[in-house]
Amino acid sequence: MSFRAELIRFQQYYLRWLIRDKHISFDEYNEEHVQLLERLWNARFPQQEFGGTDHDNWINLGFQSSRPQKDLRAMGILGLYHLVYYAETY
């Protein structure tokens, strides 16, 4: 298989992954989703123990309420992946 064909195959796979995650809603009972939220918390509040899915510091982080899952509903888990990357990188 040529390099070009491999690249196209990879790009198609990656786009399917992005589209899938865009449509997966944040689930506060899904351990992987909560771990992502905890990574976001730890990146922004490293000296504080994780406050869970209901804490006033979520408002300080820019969420509309103390329950970030309300805002995460609209962007899917893909948006949370992006927030975590941004918070951990910058």
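A residue counts as buried under 20% relative accessible area, as exposed over 50%, and as partly exposed in between. These classes are applied below to a predicted model. Arg9, with a relative accessible area of 48%, is therefore partly exposed.

Arg9 takes part in a salt bridge with Glu6. The closest N and O atoms of this pair are 3.6 Å apart. Both residues belong to helix α1 and are 3 residues apart, about one turn of the helix. An α-helix has 3.6 residues a turn, so residues three or four places apart point the same way.

The structure holds 4 salt bridges. Another of them joins the side chains of Arg20 and Asp21, at 2.7 Å from N to O. The two partners fall into separate accessibility classes. Arg20 is partly exposed, with a relative accessible area of 45%. Asp21 has 2% relative accessibility and counts as buried.

A further salt bridge is formed by the side chains of Glu28 and Arg67, at 3.2 Å from N to O. This pair links distant parts of the chain. Glu28 sits in the loop between α1 and α2, and Arg67 in the loop between α3 and α4. The two are 39 residues apart. Glu28 counts as partly exposed at 28% relative accessibility, and Arg67 does so at 27%.

Glu28 is also touched by Gln69. Gln69 is found in helix α4. Leaving aside residues up to four places away in sequence, Gln69 also touches Phe26 and Thr53. Its relative accessible area is 9%, so Gln69 is buried.

Helix α2 covers residues 31-44, 14 residues in total. From its first C-alpha to its last it reaches 20 Å, close to the 20 Å expected at 1.5 Å a residue.

The buried residues of α2 are His33, Val34, Leu36, Leu37, Leu40 and Trp41. They cover an arc of only 155 degrees around the axis, and therefore lie on the same side of α2. What covers these buried residues includes α3 (57-60) and α4 (69-89).

Trp41, one of the buried residues of α2, also belongs to an aromatic cluster. Ring pairs link Trp41 with Phe45, Phe50, Trp58 and Phe63 in this cluster.

A search of the whole structure finds 8 aromatic pairs. One of them is formed by Phe10 and Tyr14, with ring centres 6.2 Å apart and planes at 15 degrees. Planes under 30 degrees apart count as stacked, so the Phe10 and Tyr14 pair is stacked. Phe10 and Tyr14 are 4 residues apart in helix α1 (residues 3-22), and therefore separated by about one helical turn. Tyr14 has 40% relative accessibility and so counts as partly exposed.

Note on methods: Residues are numbered from 1 along each chain as its sequence is written. This is a predicted model: local features need pLDDT of at least 70, side-chain atom pairs count only at pLDDT 80 or more; totals for chains, interfaces and linings use all residues. Side-chain values use heavy atoms; hydrogens and water are left out. The expected span of a helix is 1.5 Å times one less than its number of residues. Buried means under 20% relative accessible area, exposed over 50%, partly exposed in between (1.4 Å probe, protein chains only). The arc is that of the directions from the helix axis to the C-beta atoms. Contact means heavy atoms within 4.5 Å. Rings of Phe, Tyr and Trp (its six-membered ring) pair if their centres lie within 6.5 Å; planes under 30 degrees apart count as stacked, over 60 as edge-to-face and the rest as tilted.
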